[in-house]
Amino acid sequence: MKTFGEYLKGQGASDELYSVLMTLKDASSEISEAVRVADKGEAGTENIYGEQQLAIDVLSDKILQGMMKGNSFVGVIASEELPDEMSVGDGEYGVCYDPLDGYSLVDVNLAVGSIFGIYKTKSFVGVKGDEQLASMIAVYGPSTTLILTVGKGVVKFMMDDDGEFILREDEIRVDEGKMFAPGNLRACASRQDYFDLVSFWCKEKYTLRYSGGMVPDINQILLKGKGIFSYPGYGDVPDGKLRLLFECAPMSFLMEQAGGASTDGKIRIMDKEVERLDQRTPIFIGSKDEVKRCEEYLSS
Ligand code: AHG
Ligand code: MN
Ligand code: MN
């Protein structure tokens with residue numbers, strides 16, 4: 001039974017990357033505990049997207065910021081909850097994160113999570129998802145799990161009673177299968193192409209598995225080994241809601257490493273350059289053939 005640290009050593013991770021990922025693992029433990037016991041109410045503040053912040057969004061962000069500042073290998077951080085990237089030292093590593101994904105799920109006690117992307121950079125402006133050295137999601141559900149890639153496949157760890165993360169799956173693969181998580185169905189009201197795509201899935205009797213949280217939804221596709229998650233834009237929000245740097249790029253690295261794919265409808269997400277930290281992108285991510293189908297339907 002390998003621990004998180006033993007796995008990283010076995011993969012030949014550098015001392016620096018090892019340290020950064022161990023710190024993110026520890027931060028995930030703390031956030032997991034906070035999600036369990038802390039205040040679930042609103043913080044009374046807004047983030048730069050004009051979205052209400054929950055007390056737990058702010059607390060998760062604080063936990064991460066404190067721990068990143070304490071790691072000498074980290075030089076810059078960027079958070080979905082901060083207005084700008086922040087220099088935290090001389091380290092070579094840049095860590096970007098959505099400290100808590102799933103705003104609308106917290107008060108009803110559904111699974112939520114954190115999303116992390118790790119780069120070697122002094123600034124996130126101009127990076128592409130392809131430059132990530134590692135990406136990871138933490139899922140805070142009935143159990144706390146981490147899904148990680150360091151560019152050598154995708155693995156899963158589960159937190160045990162002692163707070164140790166133990167390797168539970170060492171080769172997560174995404175193949176084909178009829179499961180769908182169609183986000184932003186509102187777009188169907190004005191977009192015939194998305195309506196037709198969703199109709200195809202319905203007619204073909206796909207199984208609906210949609211939680212309203214990108215982390216549990218993508219986690220599900222990875223662990224069931226099949227399926228598609230979509231979040232298009234429409235009308236005044238042509239790029240949808242999900243953020244390239246904090247959400248879509250790290251998820252796409254995990255999905256591609258598991259043998260799946262990810263696109264904005266035309267361009268591979270991992271090829272997209274981050275022009276602004278708050279940049280959004282449509283996303284279609286999961287089984288390869290499904291992603292291809294999305295591109296076909298949306299280009300017609
Ligand atoms: P966040 O809580 O970090 O703002 O992001 C929530 C996201 C994502 O998890 C989910 O897929 C999407 O919001 C759902 O949005 P809508 O329910 O508004 O379509
Ligand atoms: Mn989010
Ligand atoms: Mn968030």
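Start with the manganese ion (ligand 3): its protein donors are Glu 80 (OE), Asp 98 (OD) and Leu 100 (O), at 2.2 to 2.4 Å from the ion. Donors here are N, O and S atoms within 2.8 Å of the metal (3.2 Å for Na, K and Ca), and sites may look incomplete because water is not among the atoms.

Before going on, the conventions: this is a predicted model, where local features need pLDDT of at least 70 and side-chain atom pairs pLDDT 80 or more, while totals for chains, interfaces and linings use all residues. Residues are numbered from 1 along each chain as its sequence is written, chains are lettered from A and ligands numbered from 1 in the order written, and side-chain values use heavy atoms, without hydrogens or water.

Asp 98 also coordinates the manganese ion (ligand 2), which sits 3.6 Å from the manganese ion (ligand 3). Glu 80 is in the loop between β3 (74-79) and β4 (86-87) and Asp 98 is in strand β5 (93-101), so the pair ties together parts 18 residues apart in sequence. Strands are DSSP runs (E, at least two residues), numbered from the N terminus. Glu 80 and Asp 98 are both buried, meaning under 20% relative accessible area with a 1.4 Å probe, protein chains only.

Now the domains. Domain 1 covers 4-169 and domain 2 covers 179-297; these bounds come from an automatic or database domain assignment. Between the two domains there are three salt bridges, that is, a side-chain nitrogen of Lys or Arg within 4 Å of a carboxyl oxygen of Asp or Glu. On the side of domain 1 that touches domain 2, β6 (112-120) is among the elements giving two or more residues, and β6 has the largest share, six residues.

How values were computed. Helices (H or I, at least four residues) and strands (E, at least two) are DSSP runs, numbered from the N terminus. Buried means under 20% relative accessible area, exposed over 50%, partly exposed in between (1.4 Å probe, protein chains only).
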